[in-house]
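Keep the side chains ready to show. The tour goes stop by stop.

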Amino acid sequence: FAGLPYTRSGGDMTRLGVNGLVEFGSVITFYPYGGFSSHNWSRDGSPDFDEIGYNFGFGLGFSTEIGLRFDVRGELDVIPTDDTSRKFGNATIGVSYNLFKMP
């Protein structure tokens, strides 16, 4: 501000919720998803809040013959507050292994 450097923490968030997704494809999959969750956010110098929010995003997955799956997804969280909303973006890269093959 006013030509001076300024740094502050982004805060700490805890989230617990449910997502639903629709998957398209077999070996390479594309899946839009969305859901809602309870958010607890805190940061020094700002008021804490506990609110219900929602999220949506898109993912891309690749499955191998041996049961390994690689996923990349992007997500936007929106948490309505009193007079505005908080928005957070997430990017996730993951690897999973399927023990059982389901039809």
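**Stop 1: a charged patch**

Select D12, D44, D48 and D50: on the surface, these residues form a patch of negative charge. Keep in mind that this is a predicted model.

Now zoom in on D12. Is D12 buried or exposed? D12 is exposed, because its relative accessibility is 57% and exposed means over 50%.

**Stop 2: from D12 into β1**

D12 belongs to strand β1, so select residues 12–21. For a landmark, show V18 and find F36 of β3 opposite.

**Stop 3**

Select residues 24–25, which make up strand β2. β2 pairs with β3 over two bridges, again antiparallel. Show G25 here; T29 in β3 stands opposite. Two residues lie between β2 and β3 in this hairpin.

**Stop 4: across to β4**

Select residues 46–63 for strand β4. How many bridges join β3 to β4? There are 15, and the two strands run antiparallel. Check N40: its bridge partner in β4 is D50. D50 is also one of the residues in the negative patch from the opening stop.

**Stop 5: the turn**

Move to the hairpin of β3 and β4, with two residues between the strands. Pick G45 in this turn: its phi is positive, about 90 degrees.

Finish by showing the patch again, with D44 and D48 among its members.

Terms used:
Residues are numbered from 1 along each chain as its sequence is written. This is a predicted model: local features need pLDDT of at least 70, side-chain atom pairs count only at pLDDT 80 or more; totals for chains, interfaces and linings use all residues. Side-chain values use heavy atoms; hydrogens and water are left out. Patches are made of residues with over 30% relative accessible area and no salt bridge: like charges are joined within 9 Å, nonpolar side chains (Val, Leu, Ile, Met, Phe, Trp, Tyr) within 5 Å. Accessible areas come from the Shrake-Rupley method with a 1.4 Å probe; for residues, only the protein chains shown count as cover. A salt bridge is a side-chain nitrogen of Lys or Arg within 4 Å of a carboxyl oxygen of Asp or Glu. Lys and Arg count as positive and Asp and Glu as negative; His and the chain ends are not counted. The place of a charge is taken as NZ of Lys, CZ of Arg, CG of Asp or CD of Glu. Helices (H or I, at least four residues) and strands (E, at least two) are DSSP runs, numbered from the N terminus. Buried means under 20% relative accessible area, exposed over 50%, partly exposed in between (1.4 Å probe, protein chains only). Two strands pair if DSSP finds at least two bridges between them.
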